[in-house]
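Visitor: I am new to this structure and would like to learn how to read it. Could we go through it feature by feature?

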Amino acid sequence: MAPKQPKGEYIETDTGNKVSRRSLISGTQNIILGGRTVIQADVIIRGDLSRTLPSNPGTSSSAPAASNHVAVAIGRYSFISTGSILRPPAKLHRGIYSYLPLKIGDNVFIGVGCIIEAASIGNNVWIGKGAVLGKMVIVKDGVRILEGAVVPAGMVVGVGSVVAGKPARVVGEVGVGWEGINGRELWKNTTG
């Protein structure tokens with residue numbers, strides 16, 4: 001009988017995603033990974049916080065019914081660094097506390113120890129170490145969020161902006177020629 005192969009740090013899916021064995025991913029049925037995404041150790045993704053809908057009027061239950069909506073969608077060649085937390089944003093609507101989807105585009109880099117509760121993050125976005133994106137934040141394409149920035153709830157960050165501070169504000173533009181991260185290279189260099 002052949003000896004067992006040693007387990008690596010990462011599990012690689014059929015679509016090329018590399019997910020650390022030491023990450024915590026809840027509600028996998030509500031999470032979509034676009035392909036060749038890297039999720040490092042100690043990352044927490046809360047797919048279990050999915051949208052709820054009111055129960056049918058014909059039923060006797062007053063509790064909201066869970067639906068099959070996507071809670072977190074991550075695009076191709078994205079990189080989620082160690083210790084980051086991704087959870088869908090929530091709001092109170094008509095007396096029901098409901099979660100909305102968190103959508104992350106392609107070629108997005110999320111630095112070490114970030115907390116993401118945004119509604120949408122565009123393509124080619126770089127989020128620095130320890131940044132916090134509050135509820136319902138919308139980040140457009142080609143944005144740099146600098147290390148330690150705290151983006152307040154509901155802020156919309158325009159295309160090509162550089163954001164910094166506590167609370168965060170736009171401090172400049174990324175400039176011509178900046179293309180964000182090279183997600184393909186990060187994916188190739190991640191081994192496990």
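Guide: We begin with a term: contact means heavy atoms within 4.5 Å. Note also that this is a predicted model.

Visitor: Which residues does Ile127 touch, not counting residues up to four places away in sequence?

Guide: With those neighbours set aside, Ile127 touches Phe109, Ile110, Gly111, Cys114, Ile116, Ile121, Leu133 and Ile145.

Visitor: How should I read a group of nonpolar residues, and which residues have the most contacts inside the largest nonpolar core?

Guide: The general idea is that in soluble globular proteins, nonpolar side chains tend to be buried together. Here the largest nonpolar core has 32 residues, and those with the most contacts inside it are Ile116, Ile121, Ile127, Leu133 and Ile145. The elements that give two or more residues to this core are β9 (72–74) and β14 (102–104). There is also a second, separate core of six residues, which includes Tyr10, Val38, Tyr77 and Phe79.

Visitor: Next, the strands. What is the order of the strands in the open sheet?

Guide: In general, strands of a sheet pair through backbone hydrogen bonds, either parallel or antiparallel. The open sheet has nine strands with mixed pairing, in the order β1-β2-β5-β10-β15-β18-β21-β24-β25. Its edge strands are β1 (10–12) and β25 (168–173), each of which pairs on one side only.

Visitor: How many bridges join β18 to strand β21?

Guide: Two bridges join them, and the two strands run parallel. Strand β21 covers residues 144–145. Ile127 has Ile145 as its bridge partner in β21. Ile145 is also among the residues that Ile127 touches.

Visitor: In what sense do strand β12 and strand β13 pair?

Guide: Strand β12 (residues 90–93) and strand β13 (residues 96–99) pair in the antiparallel sense, over four bridges. Lys91 has Ser98 as its bridge partner in β13. The two strands form a hairpin with two residues between them, and Arg94 in the turn has a positive phi of about 55°.

Visitor: Now the rings. How many aromatic pairs does a search of the whole structure find?

Guide: A pair of aromatic rings is described by the distance of the centres and the angle of the planes. The search of the whole structure finds three aromatic pairs. One of them is Phe79 with Phe109, which is stacked, at 5.6 Å centre to centre and 15° between the planes. Phe79 lies in strand β10 (residues 79–80) and Phe109 in strand β15 (residues 109–110), so this pair ties together parts that are 30 residues apart in sequence.

Visitor: Are Phe79 and Phe109 buried or exposed?

Guide: Phe79 is buried, with a relative accessible area of 7%. Phe109 also counts as buried, at 16% relative accessibility. Phe109 has a further ring partner in Trp126: the centres are 6.2 Å apart and the planes at 10°, so that pair is stacked. Phe109 in strand β15 and Trp126 in strand β18 (residues 126–127) are 17 residues apart, and their pair links distant parts of the chain. Through ring pairs, Phe79, Phe109 and Trp126 are linked into a cluster. Trp126 counts as partly exposed, at 23% relative accessibility.

Visitor: Which residue lies over the face of Trp126?

Guide: Arg144 does, at 4.7 Å from the ring centre.

Visitor: Finally, is Glu173 buried or exposed?

Guide: Glu173 is exposed, with a relative accessible area of 71%. Apart from its neighbours within four places in sequence, Glu173 is in contact with Gly160, Ser161 and Val162. The C-alpha atoms of Glu173 and Arg144 are separated by 8.6 Å, with the two residues 29 residues apart along the chain.

Technical notes. Residues are numbered from 1 along each chain as its sequence is written. This is a predicted model: local features need pLDDT of at least 70, side-chain atom pairs count only at pLDDT 80 or more; totals for chains, interfaces and linings use all residues. Side-chain values use heavy atoms; hydrogens and water are left out. Rings of Phe, Tyr and Trp (its six-membered ring) pair if their centres lie within 6.5 Å; planes under 30 degrees apart count as stacked, over 60 as edge-to-face and the rest as tilted. Buried means under 20% relative accessible area, exposed over 50%, partly exposed in between (1.4 Å probe, protein chains only). A charge sits over a ring if NZ of Lys or CZ of Arg is within 6 Å of the ring centre and within 35 degrees of the ring normal. A nonpolar core is a set of buried Ala, Val, Leu, Ile, Met, Phe, Trp, Tyr and Cys residues joined through side-chain atoms within 4.5 Å. Two strands pair if DSSP finds at least two bridges between them.
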